[in-house]
Amino acid sequence: MRMAGLAACLVVGIPFWRGELPRFELYAGASALLLFAACFWLLSKSEGCSGLPRAAVLSLLAVQILAAAFLYGYLLINSFTGILLVLTAAVAVNILSLRASLVLVALQTLAYAAGMARNMGLLNATASTLAFASFEVFALYTSHIVNSERRAREELARTNAELLATRKLLADGSRAAERVRISRELHDVMGHHLAALSLGLEAARHAPQNEVQAHVATSQDLTKRLLHEVRRVVGRLREEPDLDLAGALTALAEEIGTPKVHLLLPDGLRLDDPERAHALVRCAQEILTNSMKHAGARNVWLEVIQGPEGVELKSRDDGRGVGTVRTGNGLNGMRERLETLGGWLAVESAPGRGFQVRAWLPLPSLGGAVP
C-alpha cells in the first residue's frame with residue numbers, strides 16, 4: 001500500500017517534475033505534494049503510528065488533507081490529483097471511526113468537485129468526481145475490512161493464549177488435587193487397617209502360644225514394612241503439588257504476536273495455590289491486552305519476582321503512554337481480584353513513556369502484608 005501510494009504521488013507530480021508550471025505553482029505544488037507523501041508514508045505504516053500521541057497522528061492527517069486540498073482545490077493541474085482523495089480515504093479509516101471517515105470522504109469529494117468545476121467545466125467535474133468518489137469508498141471499505149480482520153486475528157490470538165494458559169493451570173491443579181485425594185485415601189484406608197493389623201499381631205505375639213510366636217513376629221515385621229511403604233508412597237504423592245506458573249505465563253507470551261513479549265522468570269517459579277496462580281495469569285493477560293489495544297506498544301517486558309512474603313508481577317511497555325491513567329473494567333477487575341487475595345495493583349504512565357504495572361500477591365501462608 002505504501003509503495004503504491006508513493007507511485008501514485010509520482011504520477012500526480014508529473015507536471016512538477018517536467019517543469020511545465022510557472023515558478024510559484026511549481027515550487028508550491030511540489031512542496032505540497034512532498035508534504036502529502038511524507039504524511040501518507042507515516043500514517044500508512046503496517047504497525048500504525050503506535051509510538052505517537054493521538055494528537056500527533058491527527059495533526060499528520062490534517063496536514064495530509066490540507067496539502068491535498070491545496071493541490072486539487074487551488075492548484076488543479078489535472079484530474080489525476082483526485083488520486084490523493086483515494087490515498088487519504090485509505091489511511092483515514094485507520095485513524096478515525098468509519099462514520100467520521102465517510103464524512104471526511106464526502107467533504108473532500110465536494111471540495112474536489114468544486115475545484116474541478118471551476119477549472120475544467122461542469123461536465124468534466126461531474127465525471128471525474130463520480131469516478132474518484134467510487135474509488136474513495138472502495139479504498140475506505142477495503143482498509144476497514146483489513147483492519148477488522150487484523151483486530152479479529154489479534155483477539156483470536158489473545159483468546160487462544162488465554163485458553164492455553166488456563167489449560168496449563170487446570171492441568172496442574174487437577175494433578176495436584178488428584179495427588180492429595182490419593183494420598184488421603186491411602187492414609188485413611190490402608191494406613192488405618194495396617195496399623196490395626198500391627199496392633200493385633202502385637203497382642204498375639206505376647207499370647208501363650210509359643211509355637212506361633214515366630215510367625216507372629218514375622219507378620220509384625222511385614223506389617224511395619226507395609227506401613228513404611230504406605231508412608232513413602234504418600235510422601236511421594238505429596239511432593240511438588242505446586243502449579244507451573246512459569247509454564248502458563250510462557251504459553252501466554254508465546255501466543256501473542258504483537259506486541260513482542262519479553263518474559264523474565266525466576267528459576268523454579270511455582271505456586272501451590274491455584275487461585276493465586278490464576279489471578280497472576282489473568283493480570284498478565286490483561287496487561288498484554290491493554291498494551292496491544294490502548295498503549296500501541298511494540299514491546300512488553302514482563303517480570304515475576306518471587307520473594308519470602310509474596311509474588312510480584314511487574315510489566316512495562318514502550319507504548320505512547322498517557323498523562324492521566326483512567327481505570328476501566330479491565331484494570332478495576334485486576335485490582336479487585338488481587339485485593340480479594342490480599343494483594344494490590346499499581347499502574348503508572350506518562351506521555352511517551354508507556355505503562356508500568358505492578359501486581360503483588362502474598363503467599364498463602366501469609367496474611368497479606370505489603371512488602
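1. Is Ala30 buried or exposed? Ala30 is buried, with a relative accessible area of 15%, where buried means under 20% relative accessible area, exposed means over 50%, and partly exposed lies in between (1.4 Å probe, protein chains only). The residue is found in helix H3; helices (H or I, at least four residues) and strands (E, at least two) are DSSP runs, numbered from the N terminus. Not counting residues up to four places away in sequence, Ala30 touches Phe16 and Glu25, contact being defined as heavy atoms within 4.5 Å. The C-alpha atoms of Ala30 and Pro15, which are 15 residues apart along the chain, are separated by 9.4 Å.

2. On the basis of these values: this is a predicted model, in which local features need pLDDT of at least 70 and side-chain atom pairs count only at pLDDT 80 or more, whereas totals for chains, interfaces and linings use all residues. Residues are numbered from 1 along each chain as its sequence is written, and side-chain values use heavy atoms, with hydrogens and water left out.

3. On the chain as a whole: the secondary structure comes to 11 helices and five strands, and buried residues make up 40% of the 371 residues. Of the contacts in the chain with a separation of 6 or more, 70% are accounted for by residues 24 or more positions apart.

4. On the packing of H1 and H3: the axes of helix H1 (residues 2–12) and helix H3 (residues 23–43) come within 10 Å and cross at roughly 170°, the axes being lines fitted to C-alpha atoms, for helices over the stretch in contact, with angles running from 0 to 180 degrees between N-to-C directions. That crossing makes H1 roughly antiparallel to H3 (angles under 35 degrees count as roughly parallel, over 145 as roughly antiparallel, 65 to 115 as roughly perpendicular and the rest as oblique). H1 contributes Arg2, Met3, Gly5, Leu6, Cys9 and Val12 to the contact, and H3 contributes Leu33, Phe36, Ala37, Phe40 and Trp41. These residues divide into nine nonpolar, one polar and one charged, where Ala, Val, Leu, Ile, Met, Phe, Trp, Tyr, Cys and Pro count as nonpolar, Asp, Glu, Lys and Arg as charged, and the others, Gly among them, as polar.

5. On two further helices: Ser101 has its place in helix H6 (residues 98–120) and is buried, with a relative accessible area of 1%. Leaving aside neighbours within four places in sequence, Ser101 is in contact with Ala92, Val93, Leu96 and Leu140. Helix H9 (residues 245–254) is mostly covered, with seven of its 10 residues buried, namely Leu245, Ala246, Ala248, Leu249, Ala251, Leu252 and Ala253.

6. On the sheet: five strands form an open sheet in the order S1-S2-S3-S5-S4, with mixed pairing, and two strands pair if DSSP finds at least two bridges between them. S1 and strand S4 (344–349) are the edge strands, each pairing on one side only, and the twist averages 15° from one strand to the next. Helix H11 (residues 329–340) packs on the sheet, where it touches S4 and strand S5 (355–362), and its direction makes about 150° with that of S4.

7. On S1 and S2: strand S1 (residues 260–264) and strand S2 (residues 299–306) run parallel and are joined by five bridges, and Leu302 in S2 is the bridge partner of Leu263. Between these strands the chain crosses from S1 through helix H10 (residues 274–295) to S2, and this β-α-β crossover is left-handed; a crossover is right-handed if, with the strands pointing away from the viewer, the path from the first strand over the helix to the second runs clockwise. Gln306, found in strand S2, is partly exposed, with a relative accessible area of 32%. Not counting residues up to four places away in sequence, Gln306 touches Pro266, Gly268, Leu269, Arg270, Leu271 and Val311. The C-alpha atoms of Gln306 and Leu269, 37 residues apart along the chain, are separated by 7.3 Å.

8. On S4 and S5: these strands pair in the antiparallel sense over six bridges, and Val357 in S5 is the bridge partner of Val347. S4 and S5 form a hairpin with five residues between them, and Gly352 in the turn has a positive phi of about 80°.
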